[in-house]
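Please read the numbered points with the model open.

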Amino acid sequence: MNTLQAIILAIIEGITEFLPVSSTGHMIIASSFFGIAEEDFTKLFTIVIQLGTILSVIVLYFKRFFQSLNFYFKLFVGFIPAVFFGLLLNDFIDSLLENPIVVAISLIFGGLILLKVDDWFDHSEDTEISYYMAFKIGLFQCLAMIPGVSRSGASIVGGMSQKLSRTTAAEFSFFLAIPTMLGATVKKLYDYYKAGFELTQDQTQLLLIGNVVGFIVALIAIKSFIGYLTKHGFKIFGYYRIVAGIAILIIHFFIKELIII
């Protein structure tokens, strides 16, 4: 991975992490295009630069983190399913991270759901999030362990299924990302060092650049997304996912074959 590739991947992460389009799916496709998807450092990079996007949530919603301890307890409850299934399915999840077909199918299927989600939960409203609701949203979030599903998309749909408004569901999804992504980063770093790898000075610099770029881009993406979501809903993201998924399948099965021939 070179510096330009790191910046591009960080921009993609910052834009897509909190949109219901799957940041992991986009990162897999981009890194595959660069020819670096199978590198161990690339897999580490795509996880660790999520720290920058986490920081953007903390900065934008700074006051919300000082309201009450219940806020943190509910995030912990919502985080529990990710811990359980993440540890249980770790090897299986890693095996999917190099598979563009899984990403494409997940994008299309998720897109179809987003086209209908506003109709399914059209009467949702702002309400207090209970511990039970937080846990169920956490279960929905686990679906995003399949590359291409979208962590934010799954947890937002999960929130709306609990009668939350689009905005409230989206904001809780942002908050839930903090322990989830922090936990994933710590786990990936531990696995990286346990396997005997050590970060070089250049790799450390790439991680720093990735986090800074991801933080700046995510700030803009979150504010833009909330404003758009409140007014227009999810349909545009559904159409985008379907088009992107079909494009990936065409490239993989037809254009790639033509290039090989």
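1. The model is predicted. One aromatic cluster is formed by Phe 18, Tyr 61, Phe 65, Phe 71, Tyr 72, Phe 174, Phe 175, Phe 225, Tyr 228 and Phe 237. In total, the structure contains 16 aromatic pairs.

2. A pair of aromatic rings is described by the distance of the centres and the angle of the planes. Phe 41 and Phe 45 provide an example: their rings are 6.1 Å apart, centre to centre, with 50 degrees between the planes, and the pair is tilted. Both residues belong to helix 3 (residues 40-48), where they are four residues apart, about one turn of the helix. Phe 41 and Phe 45 are each buried.

3. Tyr 72, one of the members of the aromatic cluster, is located in helix 5. Is Tyr 72 buried, exposed or partly exposed? Its relative accessibility is 37%, and Tyr 72 therefore counts as partly exposed, since that class lies between the limits of 20% for buried and 50% for exposed.

4. Tyr 72 also takes part in a nonpolar patch on the surface, together with Leu 69, Phe 73 and Tyr 131. The accessible area of these residues together is about 420 Å². Which element gives the most to the nonpolar patch? Helix 5 (residues 69-88) does, with three residues.

5. Tyr 131, also a member of the nonpolar patch, has a charged neighbour to be noted: the charged end of Lys 74 sits over the ring of Tyr 131, at 5.8 Å from the ring centre.

How values were computed:
Residues numbered from 1 in each chain as written. Predicted model: local features only at pLDDT ≥ 70, side-chain atom pairs only at ≥ 80, totals over all residues. Heavy atoms only, no water. Patch = residues over 30% accessible without salt bridge, like charges linked within 9 Å, V, L, I, M, F, W, Y side chains within 5 Å. Areas by Shrake-Rupley, 256 points an atom, 1.4 Å probe, with all protein chains shown as cover. Salt bridge = Lys/Arg side-chain N within 4 Å of Asp/Glu carboxyl O. Helix = DSSP H or I, 4+ residues; strand = E, 2+ residues; numbered from the N terminus. Buried < 20%, exposed > 50% of the residue type's maximum accessible area, 1.4 Å probe, protein only. Phe/Tyr/Trp six-rings, centres within 6.5 Å; stacked < 30°, edge-to-face > 60°. Lys NZ or Arg CZ within 6 Å of the ring centre and 35° of its normal.
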